[in-house]
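Subject: Structure handover

Hello,

Here is the structure I promised you. Please open it beside this email and follow along.

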Amino acid sequence: MKIIQYGSPRSGTTLLCRIIMRLMKPDDELVKTHSYLPEMNNYMTIISVRDIRDCIVSQHRINSMTFYGKESDIPFDPVKTEGLIKMTQYYLNSDFWPSIHVRGALVLKYEDFWKNIRGTVINLS
């Protein structure tokens, strides 16, 4: 069975991917992506969502000197907002948000599954 694991960056996609890989059967195929794939409607799709503000701050904190492979001229400084504005524009202009309505997808909220990883494993199995 093909499984697509999808979510915006910093929304728990890596954690979910690792959980799913442990639960998969040997002949299952897992595709992890941060971009919408048209075939999502044809396969089991698991989507992770997180408050956009938390994604942006988390991404900026992790890559305080870089932004998606490009050097940033703005190191993290809460007083200066230019770097955060760039990240906000990236998230708002990405193809992620309209596609969380994939037919039949399991949508998991980061704020819920991060606090209860054991429950998430049980629900996915």
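Start with Leu 124, which sits in helix H5. Helices (H or I, at least four residues) and strands (E, at least two) are DSSP runs, numbered from the N terminus.

Some ground rules. This is a predicted model, where local features need pLDDT of at least 70, side-chain atom pairs count only at pLDDT 80 or more, and totals for chains, interfaces and linings use all residues. Residues are numbered from 1 along each chain as its sequence is written, and side-chain values use heavy atoms, with hydrogens and water left out.

Which residues does Leu 124 touch, not counting residues up to four places away in sequence? They are Leu 16, Ile 19, Ile 20, Leu 23, Ile 46, Leu 106 and Leu 108. Contact means heavy atoms within 4.5 Å. Take Leu 23: it lies 101 residues from Leu 124 along the chain, yet their C-alpha atoms are separated by 7.9 Å.

Now the two helices. The axes of H1 (residues 13–23) and H5 (residues 117–124) come within 10 Å and cross at roughly 45 degrees. Axes are lines fitted to C-alpha atoms, for helices over the stretch in contact, and angles run from 0 to 180 degrees between N-to-C directions. H1 and H5 are therefore oblique to each other. Angles under 35 degrees count as roughly parallel, over 145 as roughly antiparallel, 65 to 115 as roughly perpendicular and the rest as oblique. From H1, Leu 15, Leu 16, Ile 19, Ile 20 and Leu 23 take part in the contact. From H5, they meet Ile 117, Thr 120, Val 121 and Leu 124. By class, that contact has 8 nonpolar, 1 polar and no charged residues. Here Ala, Val, Leu, Ile, Met, Phe, Trp, Tyr, Cys and Pro count as nonpolar, Asp, Glu, Lys and Arg as charged, and the others, Gly among them, as polar.

Next, the sheet. It is open, with 4 strands in the order S2-S1-S3-S6 and parallel pairing. Two strands pair if DSSP finds at least two bridges between them. The edge strands are S2 and S6 (106–109), each pairing on one side only. From one strand to the next, the twist averages 20 degrees. H1 packs on this sheet and touches S1, S2, S3 and S6. The direction of H1 makes about 160 degrees with that of S1.

Finally, look at S1 (residues 2–7). S1 pairs with S2 (residues 29–33) over 5 bridges, and Gln 5 stands opposite Lys 32 in S2. S1 also pairs with S3 (residues 44–49) over 5 bridges, and Tyr 6 stands opposite Ile 47 in S3.

Best wishes

How values were computed
A crossover is right-handed if, with the strands pointing away from the viewer, the path from the first strand over the helix to the second runs clockwise.
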